[in-house]
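Please open the model in your viewer and keep the selection tool at hand. Each stop below names what to select next and then describes what is there.

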Amino acid sequence: MSARAKAGRGSTSEWSTRLAARVRFTDGLILVWVVFGTQIGWVRLDSSVMGFSGSRGDIEISYTLVSLAIVVAWMIALELYDTRSVRVLGVGTQEYKGIADSALRLFGLIAIIAFLFKIDVARGYILMAFPLGIVTLIFSRWMWRQWLAMWRQRGDFSSRTLLVGSPESATVIARELLKHKEAGYQVVGACVTQGSSLMTHLPNTNVPVYAGADQALATMRDLGADTVIITSSDEMDPERVRRLSWGLTPGAEHLVVAPSLIDVGGPRIRTRPVANLPLIHVETPKFEGRKLVAKRVFDLIASAGLLLVLSPVLIVVALAVKLTSKGPVLFKQERVGIKGKPFKMLKFRSMVVDAEARLAALQAQRDAGNTVMFKMKDDPRVTKVGRVLRRYSLDELPQLINVLLGSMSLVGPRPPLPREVDAYDQHVNRRFLVKPGITGLWQVSGRSSLPWEETVRLDLYYVENWSLTGDIVILWRTAKAVVAKDGAF
């Protein structure tokens, strides 16, 4: 086993301490480089002094000392905002938010001190160091996140986890954790509250089932686990959970409680201790107000800019479609948009002109898609040029016009066909609460290869938890998916 692999073994407290130390070291290097580099390269004050006035005369202080003080204060701020905790490193947005918040608070504190003590400090020195520091720190943490995700896929730098609860709830949690190993929870077993003697593994997983919930602590130690996750179960009443928590070794073994509510974005969740009860408040989604205005402004600016920048590509693709097959360049298809209203979605034509008429004859030959969406990996209706356009999603570029006109958004649920809507269950209609998008969670998570239930789950998750920051992340992931040609045919 390599030295790096060995470093990832051991209890959570052991590897988390080593990981935090490594991150702390790179944070220090970055801050020294940013702050002193700004001092020398931008302000050119490496041998200069700064002064502040007072009743006892002017006092001069070297900028080098000030830079050193800022580096030390910044490192302390990152520690105080818990940006190196094992619970935030490598997953979620809390790590990045903590970096930004700590820097902004420190910047504000320095500005207040400079004002109160009349310190004469170069504004460019401060205004360059802090934004550059935030960006560089976030990039460094992103690099650490890629490294950490790679090792967590192999089971290193992860908490060995035992699930305790009903078979149904434990299975749901196990599937999600197995799907997202980068979260840092390696599921090594489950103690279920019902039917433990009849089960060897949780359904459709490789997670073994051991004794009942009463034997959770003993099973946990036999497996070398250091984290227990309590999933939903009527049998796991507050008294049993409390007794289980009392049996854990303080600081070395950890308790996590997973509520039955899933697919809820972090910003909508608030935990408040009320009357000694850890109440979880879940905000209902909002589909109006400033967020919606900001999304529309972003769509307008981005779609107009992309149409301008990609105009040469649009012209080349239009000529390729026109010169290689008979029929119009653009294909207009009726789709269902926000509030269930139909609209004409634009695409570059990638099929023969009578494609819709030939659809019924191909239903029996479908080999992709799902129970609602029709897909074929080698659809005979697709033209030679159309295959290239679909492979790189170039056929969808005219939808930028739909975004500009307001019938679509850059990011949103997939715009369905009317015949697909007719097959929807009632709850699926919640996807019409927002505008459909050119791309969305479904497109960056497998596209045509996803089962229908997963497509619906991803679309509804977006509807319930969308944010402008999330849209930007999805757009970035879309670019990566297009380059990888993942799930496109």
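Predicted model: local features only at pLDDT ≥ 70, side-chain atom pairs only at ≥ 80, totals over all residues.

Residues are numbered from 1 along each chain as its sequence is written, and side-chain values use heavy atoms, with hydrogens and water left out.

**Stop 1: helices H4 and H5**

Select residues 94-116, which are helix H4, together with residues 123-152, which are helix H5. Helices here are DSSP runs of H or I with at least four residues, strands are runs of E with at least two, and both are numbered from the N terminus. Two packed helices are described by the angle between their axes and the distance between the axes. The axes of H4 and H5 come within 10 Å and cross at roughly 160 degrees; axes are lines fitted to C-alpha atoms, for helices over the stretch in contact, and angles run from 0 to 180 degrees between N-to-C directions. H4 and H5 are therefore roughly antiparallel to each other, given that angles over 145 degrees count as roughly antiparallel, under 35 as roughly parallel, 65 to 115 as roughly perpendicular and the rest as oblique. The crossing of H4 past H5 is right-handed, a term used if the near helix is turned clockwise from the far one by less than a right angle, with left-handed used if anticlockwise.

Now show the side chains between the two helices. From H4, Glu95, Tyr96, Ile99, Ala100, Ala103, Leu106, Phe107 and Ile110 meet Ile126, Leu127, Phe130, Ile134, Leu137, Ile138, Arg141, Trp142 and Arg145 of H5, where contact means heavy atoms within 4.5 Å. By class, this contact of H4 with H5 has 14 nonpolar, no polar and three charged residues. Ala, Val, Leu, Ile, Met, Phe, Trp, Tyr, Cys and Pro count as nonpolar, Asp, Glu, Lys and Arg as charged, and the others, Gly among them, as polar.

**Stop 2: helix H3 against H4**

Ile70, Ala73, Trp74, Ala77 and Leu78 of H3 make the contact with Ile99, Ser102, Ala103, Leu106 and Ile110 of H4. The classes in the contact of H3 with H4 are nine nonpolar, one polar and no charged residues.

**Stop 3**

Which residue forms a salt bridge with Glu95? Select Arg145, whose closest N and O atoms with Glu95 are 2.7 Å apart; a salt bridge is a side-chain nitrogen of Lys or Arg within 4 Å of a carboxyl oxygen of Asp or Glu. The pair links distant parts of the chain, with Glu95 in H4 and Arg145 in H5, 50 residues apart. Both Glu95 and Arg145 are buried, where buried means under 20% relative accessible area, exposed over 50% and partly exposed in between, with a 1.4 Å probe and protein chains only. Beyond its neighbours within four places in sequence, Arg145 is in contact with Val88, Gly90, Val91, Gly92, Glu95 and Tyr96.

Next select Glu79 in helix H3, which counts as partly exposed at 39% relative accessibility. Not counting residues up to four places away in sequence, Glu79 touches Arg24 and Arg84.

**Stop 4: two other salt bridges**

Move to Glu239 and Arg243, which form a salt bridge with the closest N and O atoms 3.1 Å apart. Being four residues apart in helix H8, residues 238-246, Glu239 and Arg243 are separated by about one helical turn.

Then select Asp395 and Lys347, whose side chains meet in a salt bridge at 3.4 Å, N to O. This pair links distant parts of the chain, 48 residues apart: Asp395 is in the loop between helix H12 (384-391) and helix H13 (399-405), and Lys347 is in strand E11 (residues 342-348). Asp395 counts as buried at 3% relative accessibility, and Lys347 counts as buried at 15%. Elsewhere, salt bridges that share partners join Arg24, Asp27, Glu79, Arg84, Glu95, Arg141 and Arg145 into one network.

**Stop 5: Thr439**

Finally, select Thr439 in strand E15, residues 437-439. Thr439 counts as buried at 3% relative accessibility. Leaving aside neighbours within four places in sequence, Thr439 is in contact with Leu410, Val411, Gly412, Val444, Ile474, Leu475 and Thr478.
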